[in-house]
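Hello,

Here is the structure for your files. My notes on a sheet, its helices and one further helix follow below.

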Amino acid sequence: MRAPGRPSSQRGLVMAMTGEQISQLLSSLKVSDTAALQLACELYRAHDAEPLDMDIESAPDGAFAYHLKTDSITRRLGDCALLNGALERGRGVVMGPAHKDLRCSHRSCGFSVCPVALAACFALHEALLPQSEIPLLAEAEGRRARRTRAGRQFVEKWEALTVDSERALHLLVSERENDFAGMVVADDDSYRADFVSDVADLLATLGKIERGSVRKVRAMSLINQVDQEKFTFISTGDENLRPRTLYVIDRLGDFVSFNRADLIKDYVIERLGRIVDDRYVLLVGTRAELMRFAGLSSAFHFTYELNRIELGYMTPDRVFDHYLEDLDQPLRDEALRDATFRDRFCSFVAFNADALPFKGRELADYLAKGSNAAGRLDLPRSRYQSSSLEEMLDEIVGLDDVKETVRRLERFALFRKTAEARGAKLPPANFHMLFTGNPGTGKTTVARMVATMLYKIGITRQNVFKEVTAKDLIGEYVGSTAPKTAAVVGEAMGGVLFIDEAYALAGGKGELSGADYGAEAVAELIKAMEDRRDELVVIFAGYEKEMSDFIETNPGISSRIGYKFRFADYSTDELLQIFRRDLAVAGFDYDGDAIDPVLRETFDYHRRFRSFGNGRFVGTLVQKALVKHSNRAAQGVVAPEDTMRLSLEDVPTRQELFDIQDWQPRPARELLAPLVGMAELKEKISELERVVSFHESGNRSGLRMPPMNLNMVFTGNPGTGKTTVARIIGQVLYNVGVVPTNRFVEVEAKDLTSSLVGGSSRAVEERLKAAAGGVLFIDEAYALLETSAGAEVIAQLVKAMEDHKGELSVMFAGYEAEMRRFIDLNPGLASRIGYTFHFEDYGTDELEEIFERKMTSYGFALSDEARAATREIFRYFHNVERFGNGRFVDKVVQEVIARRSEGSSDDPAAIGAGDVPSIESLCKTVSVPVLSPDDAFSDESLRRVAIHEMGHATCRLGLVGETNIMVVTVEREASGSLGYVQHKASATDMPTAVYFENRIAELMGGMAAEHLYYGDYSAGNSSDLRMATTLARDYVARYGMSPAGYVQYVDDASAGSGRTELVDLPREVRDEMNRVMGEAFSRAQETIKAHRETFDRLVEVLLAERTISGERIMALWSELSGKEGDAR
């Protein structure tokens, strides 16, 4: 039969043979290549090779053309010339009677018989001689039937003896698979040997390995089988294991623990991850061994773990049958007569299977020997007794709700274990838990108890309790969190993972988004909780509110929590009970009548603080009481009969409980008395003391006083005493009892930030922990605004200020303007600040007093000349911006002592004028730019300054009729100032329009005076203009006092913060401000003109005396203005 031609894109061959010739060929053909025969049969059965009704160019008469339809089977032909284009497409491939061996002449073919030609012969024989038998095909079909039967029997047998292993079993019997890599979980030896033997027989029957080609090796031996120079396996000479061989690899734990020859070990791991091409590997071991081994390479998950075969145990009924066989006859008869014994025996074996020393047949033998030796049907003690749980719970004081929840958990676990042992198919259980409560309430203790219970019941496979905190799960760099969390999970696998302070995984955003790292850890935990819930129990623990927020923001965790435990704080009675128990355990007794009331008062006081340690606090108290008792006993003040009995003298005080060494039990006034100046500030602190004292007395008398807001802001320049006063306030808070300790932790903003992932959060956490129950003092706090981690730190501080309200005082300190901006930009902070204290710069007299006190405390005596010289120094420098205040005094002290060391006086303690450094020399050593007395300055400039400063004073006196001026001076100072007017501090509760108008005119008085006398004004007016502009802005745009209208453009908040710039105001507002200031300027000039003679006289007095006090100015004004009036 001739067929039409076929296109070159088709893949096939031409058979130029008659039916008789094909029949003869198939009858005489010897096929030793079973793989080729099997593939030919598959092609034939799938009709993958079929005749074409196409003409073949130059084909002989009677030729049949065949082509391959699909790729489903033909991919297994490998490098076939029919497929890769190596043979000419136009002519096809011709096989005739001369090709009796059906061998392909192309050198790339790996078959001894062409599977396609053989399949074509089967198809032609069927078409041309449909009634004739094909012995070769019948033999192949018989072999196929035997293989199918062997595979079916293998699956039927081992599906009943394995757990969730159907996929791997079907892969083993598939004739289409020519490799296999799987793991065999065998926690006991009941079926291990039988399974390995059956797999070897199956693979040999399927023709995948040679019969007997089984190599049982220890994992460590694979390292020795590697050529360390060529990095190949010695047995094969290449990078693969021996083909057509089953490798059974055990003792995996030794391989995992091996720490030498890392390159060779890594090579073996890499090659075991690539099992292909007629290679077969079974990893055999316990679940723990296999999980540890699988963790060596991510590739193992896609090979061995997916092909996991978990061998079951011998059923309790089969164990019982073997047990009966091994019993002595009398006992066997007794067991058969007792209708309940079989059930009791099977329940015992099922429940205790993984706790008994033997499995399967060996277990039956072990139990039978025990019964035979005892002469009765006795069974060992069960792995778990409910009485043991009650014994553990009895040791815990209180926590009745927690105990009942533990009992419910126990009842469910026992029911589940027993039901599963009897063949029940229960849905997966959720044993993950949430423990909430304050520190010291027994969370860790109960968690350990639950872990022990779950292990003894058999819910968990290992008695593992891995305790970590959230920070143990977070990595230090990008990509390290997931592996770190996975490693911790791996260590806890088979047991319980307890995560304390778990809420920290939901921390605030940081410079490297710490919360994202926490989310990465949470994601890894959720995966383990879901994928490995039969192998792992996770317990999350922490404060109730924080844990509630954490669970709510992580629904993936919330949905996987099976049990929730709430640990309430201990009551005073329960704390007393814990004290008695702990003391009794130590072998001591105590005088309850004398001590119990003191302990009740102590517990009642400390219980109200969130930082109270509950049981831990009692433990500390017991320990310190025993130490105090032992010290008294060593001193011989304890009678021999009272050696093991505590008395009232042994109860530690508040100070002893917290190791407080520098306690100063004095009122605020006494603590503040040594400080120079600060009269107003001292009064405010005394007022604070009265408030907190009332609050504390209310708490002690039973009133439900709200928590106090003890957070504070200290503003002022360096050296003004902020840190010293903060320490005193901390001492006052402790003395009153409003905070439990006098801890004072001093840090700067830079101490709270870090460039490491989560570093800032940890730094803040450490400082807060150190300051718990006391004071956290943060100097230069505004610097947090300058760091990328600042927002995270501030958020963490705000949370702590709220959570620990009433027991922690966070004090922020720094320059006034910077601190105002810092607080204004953080509303969360502003609303939590209870007190603000401003520290004024010290005046000349105060600086001099500080200096003299310091020198006197060191034992030095100052002469009058030395006092005068140092006073001149402080007068000269005290107005320099940020000159150092008290720190500048320390510098002067240091310089004086240094110069005294060079002197020759017989009395080293005597300080004279020669020991005081000159102002010129100090100008060269201070750290800020200053004006030196050596700098030139004309008399005319001095007169101009006097006219300017007296312009302010005259306007004040002329418009108001009195003055709040303390001093007017034209003394040159280091600040660069050639003169100034110093006012008394005053506040106006309800400033009126007249107040604003007079005050603006007073500020414009200096400029007005200069303009009257010189026709212009100097650049020294900037500060006057700045203050006048602010007042004019408030007059017009804040208070609506101007005739221009009532619209408020500036609110109180923005006015106080200085955030409103003039350019932000409408032009008409600015024009009105300018009009107001112009009118004030004119009023100032008119006032000075009206008192011209008095003004001129005051200027001359000021130039002569250089400095005039406010009282003297007032007296001169009254005298001179009176004369001026008489003259008129």
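Helices (H or I, at least four residues) and strands (E, at least two) are DSSP runs, numbered from the N terminus. Contact means heavy atoms within 4.5 Å. Axes are lines fitted to C-alpha atoms, for helices over the stretch in contact, with angles from 0 to 180 degrees between N-to-C directions.

On that basis, helix α30 (residues 722-736) lies across β20, β21, β22 (775-779), β23 and β24, and runs at about 155 degrees to β20. Helix α29 (residues 679-700) lies across β20 and β24, at about 160 degrees to β24.

This is a predicted model: local features need pLDDT of at least 70, side-chain atom pairs count only at pLDDT 80 or more, and totals for chains, interfaces and linings use all residues. Residues are numbered from 1 along each chain as its sequence is written, and side-chain values use heavy atoms, leaving out hydrogens and water.

The sheet is open, with 5 strands in the order β21-β22-β23-β20-β24 and parallel pairing (two strands pair if DSSP finds at least two bridges between them). Its edge strands, β21 (744-748) and β24 (835-839), each pair on one side only. Parallel strands β20 (residues 712-716) and β23 (residues 809-814) are joined by 4 bridges; Met712 of the former stands opposite Met811 in β23.

In helix α37 (residues 886-901), the buried residues (under 20% relative accessible area, 1.4 Å probe, protein chains only; exposed is over 50%, partly exposed in between) include Phe888, Val892 and Val896. On the other side of α37, Arg887, Gln894 and Ser901 are exposed.

Regards

Note on methods. The expected span of a helix is 1.5 Å times one less than its number of residues.
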